[in-house]
Amino acid sequence: MKYTQKPSTQPIFSLRLTRLPLFLLGCALAARRTAPAQTPAPDAPQIEAKAHALGGKRTLEQKIDLLGGVDGMFTQPVPSIGLPRFKMSDASVGVRSWGPSTAYAGGVALAASWDPVLARRIGEGLGRDARARSVHFLLGPGVNIARSPLSGRNFEYLSEDPFLNAALAVAYIEGVQSQGVIATVKHYAMNNQEYNRHNVSSDVDERTTREIYLPAFEAAVTPGHGDAVMDSYNLVNGVHATQNDFLNLKVLKGEWGFQGILMSDWVATYDGVAAANNGLDLEMPSPRFMNAHTLLPAVKDGLVKESLIDDKVQRLLREVLRYGFLDRPQFDPADSTYSVADRAVALDGALESLTLLKNEGHLLPLNPAAIKTIAVIGPDAWPAVAGGGGSSETQAFQPVSILTGIANLLGDNVHLLYARGLPDENKVFRNTAWQGDVRVDTFAGMEFAGTPRVTNQRAIDNWKPAPWGIEDPHPQSIRYSAAFRAQRAGKYLLLAAASGEDAYKVIVDGKEVLSQPHNEGQVPQSATLDLAAGQTVNVVADYLPHAPGLRFGFGLSYEPELVSEEAKNFAALADVVVVAAGFNPSTEGEEHDRTLARPWGQDARIEAVAAANPRTIVTLTGGGGMDTRRWLAKVPALLDNWYPGQEGGTAVAEVLFGKHNPEGKLPVSFDRSWEENPSAPYYYPVKGADTSLHVAENGRPAVDYVIPHVRYGDKLMVGYRYWTTTGKHPLFPFGFGLSYTAFSFANLQAPASVQAGLIAPNGVAVSFDVTNTGSLPGAEVAQLYVSDPSTRVSRPERELKGFEKVRLAPGETRRITLNLDSRAFSYWDEAAHKWTIDPGKFVLRVGDSSQNTPLQADLTMN
Ligand code: BGC
């Protein structure tokens, strides 16, 4: 069989640069620098007419049938008009849903590369992987702002900055769509936490919405021409995203002129009529609400206009025709299911993203010839941790762990030792030395009330996975009571774990120390108790199983004994130690937030290893900042590898041993503690502000949902905007990352004055030199920040408005020109509801992080 070559069949878009709002032009230019020219859009009127003709063949009921998905990951087929079903797949890390695939350095790792060219290549790779699996819609990129390091899906998203997100999203989408696959930008909008994601309302003022949370979506659908958007689970200002007229009608379809498909997240639709009237085109994964049962009478009663249904059908058919989905098979035999070329893209992604944060005394790069024995410690070292958990979890064909990467690089010349260093949870539960037995009171019902059945047992060690969504028809509540006597003085780890939707609370000497509400996932939780020798504490754990059976583990362990003797011995023996710490798919992922602290026991492990060997390098796996307070001063080197995709282990080894010079830059600020994060006071719902929502589904009884309100009181002060405005310093600033070489910046040139109304389409040119002053080739990310000191309103002290990554040989200088469009100088005027530039003084700053900007120039806006 012969298929038409992809480029000529691509419908897609032209960039139409000159007609873009100016800010978006900046993003498009950043992303476009190396992007090949796009094929022009096919004749739009012809497509419109054809789509109309196809849709017109349908009765109202048949049209309504097209508004909901089917079989989990497909649109509805309509055989009578020759419409097959169209296939979807997740895409934050790799093409997930259809067997093993290439797992790239996606999300936050991609953002750490600060490289739109890489974003474009990863997008193309994902597009090819999709075509090899007949996938029509990729459910990515995720572009939500990393407002807080706790948000469980930050690893799937990009950064804390709207400009960086916009530039990367545009390039990624162009890459995907250049392969004849529709990209779906998600989760629209203000989905910045996983906590209670179906019910929580993100309450955000319009200026913050426009300046921080929407620009990446705007860029994705305007210069990026992303052809699908996914509404998020949460509510925005009290209205679910899937029925939010401001987000969907006023902004997306109105101001941005979006002509593509607006779909719901999976089971994120809550009201069929409201969703139909407020912009939702496609309910996924099935028509629970936007169905004939609800919408036929609504149309008849004039509650929903038939023309609205027609518009939704037209949007689907328009994209189907534009992409040629009816004219060619989506499976393209030119694309491999297992692609060696895409493995190379995955490796480049990992290499570009690894971010070196500390390198005291130039411990790195390591010289293999000077090492006889290396110890690798920790569960993130093996097996490979390519990505976080949830719907993005991609099964890679051959993921390379850090341990394997180091072994491959060193061969047999160096002696390699590995230890996990910590026991597994059930061992802690089983080995807890309770004083006597644990008393178990089992009550009928969920209230811990009535006369319990009392039994005794030696340990609380029933932790095992449980199914989601299955309820126990005979609910019970269980109270465990026990006493624990500390043999020695010191720190004791208190560890608890339940499964599925179970809930629990742990009380020590009358004080609650741990609690896990329903629906917050299966991550073990811990606390530390400081106990005196001989001290006895009384512990009560109240456990509410959700599904039938018990799946609860709970125990205490003396911290110095947690870390295995083997790990300490290996560390002491070795010339150098690598501790691989952090998160993994079960501790960081969809449906639950995480803590700033890494999972239990890890601090103790790093401290024990560093005490045994001062040449200890820590590598961190995770979606953002972590608490490093207990040990950072005790280790000479720290490397963040994010979730590096399937080739991460090779990349880590190449960076540690200097085969690759690290070049990642932080896409998020790293806080010392959760309390100093600017969103901390506002992260959880405002007490007493809950409201409720009445939801009825297909004749089933109405349900009242309680809506907790999270007020984004941090407003514009997200990440570095907060740190630079307050003049305080985070642990590591946004944009920061070390290299094995050094760079300098010089000769900044920018116009001294500009007419606000006359900023050229290409923007205001800002030029400067970057020189590699060290002795190794390397890459630097030049960052341009704009300040508006004479503003009428309060603005963040500086904001990123341009960047470029350059690769330089030792001694080489490159002149860089970045263009600032009018949006670079604007803020959202709340009273006038538009972007506004205040005349007066602006300051342009250039450097290698949000806090190190050696070049500075004033510009007067007239
Ligand atoms: C996630 C989406 C994903 C969808 C389909 C949902 O749980 O929130 O991001 O695209 O599942 O897998």
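**Aromatic pairs and buried residues**

A search of the whole structure, a predicted model, finds 32 aromatic pairs. One of them joins Trp434 and Phe554. Their ring centres lie 5.8 Å apart. The ring planes meet at 35°, so the pair counts as tilted.

Arg85 lies over the face of Phe74, at 3.6 Å from the ring centre. The charged end of Arg147 sits over the ring of Tyr712, 3.8 Å from the centre of that ring.

Asp502 occupies the loop between strand 18 (490–498) and strand 19 (503–508). Its relative accessible area is 1%. Buried means under 20%, so Asp502 is buried. The side chain of Asp502 makes a polar contact with the side chain of Arg551, at 3.0 Å.

Phe743 lies in strand 30 (residues 743–749). Phe743 has a relative accessible area of 16%, and it too is buried. Leaving aside residues up to four places away in sequence, Phe743 touches Val770, Thr771, Asn772, Thr773, Gly778, Ala779, Glu780 and Leu808. Asp848 is 105 residues from Phe743 along the chain. The C-alpha atoms of Phe743 and Asp848 are separated by 8.8 Å.

How values were computed
Residues are numbered from 1 along each chain as its sequence is written. This is a predicted model: local features need pLDDT of at least 70, side-chain atom pairs count only at pLDDT 80 or more; totals for chains, interfaces and linings use all residues. Side-chain values use heavy atoms; hydrogens and water are left out. Helices (H or I, at least four residues) and strands (E, at least two) are DSSP runs, numbered from the N terminus. Buried means under 20% relative accessible area, exposed over 50%, partly exposed in between (1.4 Å probe, protein chains only). Contact means heavy atoms within 4.5 Å. A polar contact is a pair of N or O atoms within 3.5 Å; within protein, one must be able to donate a hydrogen and the other to accept it, and residues adjacent in sequence count only if both atoms are side-chain atoms. Rings of Phe, Tyr and Trp (its six-membered ring) pair if their centres lie within 6.5 Å; planes under 30 degrees apart count as stacked, over 60 as edge-to-face and the rest as tilted. A charge sits over a ring if NZ of Lys or CZ of Arg is within 6 Å of the ring centre and within 35 degrees of the ring normal.
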